[in-house]
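Dear colleague,

Please read them with the model open beside you.

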Amino acid sequence: MPLEPWNDPRILGTAGLAFGLIVGSFLNVVIHRLPRGESVVTPGSHCPGCDQAIEPWNNIPVLSYLLLRGRCARCKVQISIRYPLIEALTGLVFLGVVLHYGPTPMAILGCVFSASLIAAAAIDFDHRIIPDEISLGGLVLGLLLVPLAKSYGGETSWATAFVFSAMGALIGGGLLWIVGFSHARFCSLMGRRFEHWPEEGEDLPRPNSIDYWTWFPGMGFGDIKLLAMIGTFVGPIGVLETILAASLGGLVFGVLAALAIRSWGSPFGFGPAIAVGAILVLLSPVHLLQP
Ligand SMILES: [Zn+2]
């Protein structure tokens, strides 16, 4: 049995929440710096207004933002509400993950996995890209560590768990690739053109170029890699549930956003919807496609 105090959900939950708040603070750095190719380790956090290093006591997740009323302690520049929101969200998701898995290695992996998804969603929202460090890095880690964590408790063998993760990755990535690929071929047959597909003055890709197989209108290859990574964690059925949740959620949110800004131009990609869908599937006590 694991250490006694961790079997108390109040202690476990509080630890998960606190850990999530701290990781959320780090995710803000990752979300800002990773797509810009900057180090996520050094230097420490700086104020976007006066460029001064933020002291540790002014960098307490959520609390500092509230105490300083959303302004820099020095220059009083307004700090985006997104920082404390990401921290609070990560704290709550970690709380859910540790209560869902209990004191097991899967709880730790679940936290790493959902933190990666929160970062991927925010970066995709900002830049319409999902860094390979997250999607491919997560795919490799998922294939290696999820089977290890699952076999640790003895509930399943390493080999069974590995097949489960690999199937999840293949089905998740594969299905989305089929959708993107068929849509691209259908659009080119119908003569439909998109703003960035093909790019200005470029022809549509032919089968002998890699773009033909990986470059699709309206959906990035990053989404496919992200869903493959998700598959290693939630498995073949979970990844189908993720696609379902992402499509429904994306549809509802897309219609609401379109009504709000009175335009049907999509304000975000599919990546954030996939990430949110995966976290919901991870935490959900009921599963539509599972007995
Ligand atoms: Zn400042």
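In what follows, a residue is called buried when its relative accessible area is under 20%, exposed when that area is over 50%, and partly exposed in between. Please keep in mind throughout that this is a predicted model.

I begin with the aromatic side chains, for which the count comes to eight aromatic pairs. In one of these pairs, the ring centres of F113 and F233 lie 4.2 Å apart and the planes meet at 10°, so the pair is stacked. Because F113 belongs to helix α4 (residues 105-127) and F233 to helix α8 (residues 221-261), this contact ties together parts of the chain that are 120 residues apart in sequence. By the cut-off given above, both F113 and F233 are buried.

A further stacked pair is made by F181 and W213, with 5.2 Å from centre to centre and 5° between the planes. Here F181 comes from helix α6 and W213 from helix α7, so the pair joins parts that are 32 residues apart in sequence. The two partners fall into separate classes of accessibility: F181 counts as buried because its relative accessibility is 16%, whereas W213, at 36%, counts as partly exposed. Both residues also belong to a cluster, linked by ring pairs, that takes in W177, F181, Y212, W213 and F216.

R74 and E55 meet through their side chains in a salt bridge, at 3.1 Å from N to O. This pair links distant parts of the chain, 19 residues apart, with R74 in the loop between α2 (63-67) and α3 (82-101) and E55 in the loop between α1 (9-33) and α2. R74 is partly exposed, with a relative accessible area of 45%, and E55 is also partly exposed, at 22%.

In the salt bridge between R82 and D126, the closest N and O atoms are 2.9 Å apart. Since R82 lies in helix α3 and D126 in helix α4, the pair ties together parts that are 44 residues apart in sequence. R82 is partly exposed at a relative accessible area of 31%, and D126 is partly exposed at 37%.

D132 and K225 form another salt bridge, in which the closest N and O atoms are 2.6 Å apart. With D132 in helix α5 (residues 132-152) and K225 in helix α8, the contact ties together parts that are 93 residues apart in sequence. D132 counts as partly exposed at 35% relative accessibility, while K225 is buried, with a relative accessible area of 19%.

Finally, the surface carries a patch of negative charge in which E195, E199, E200, E202, D203 and D211 gather. Of this group, E200 is placed in the loop between α6 (158-189) and α7 (210-214). E200 counts as exposed, because its relative accessibility is 79% and the class begins over 50%.

Terms used:
Residues are numbered from 1 along each chain as its sequence is written. This is a predicted model: local features need pLDDT of at least 70, side-chain atom pairs count only at pLDDT 80 or more; totals for chains, interfaces and linings use all residues. Side-chain values use heavy atoms; hydrogens and water are left out. Patches are made of residues with over 30% relative accessible area and no salt bridge: like charges are joined within 9 Å, nonpolar side chains (Val, Leu, Ile, Met, Phe, Trp, Tyr) within 5 Å. Accessible areas come from the Shrake-Rupley method with a 1.4 Å probe; for residues, only the protein chains shown count as cover. A salt bridge is a side-chain nitrogen of Lys or Arg within 4 Å of a carboxyl oxygen of Asp or Glu. Lys and Arg count as positive and Asp and Glu as negative; His and the chain ends are not counted. The place of a charge is taken as NZ of Lys, CZ of Arg, CG of Asp or CD of Glu. Helices (H or I, at least four residues) and strands (E, at least two) are DSSP runs, numbered from the N terminus. Buried means under 20% relative accessible area, exposed over 50%, partly exposed in between (1.4 Å probe, protein chains only). Rings of Phe, Tyr and Trp (its six-membered ring) pair if their centres lie within 6.5 Å; planes under 30 degrees apart count as stacked, over 60 as edge-to-face and the rest as tilted.
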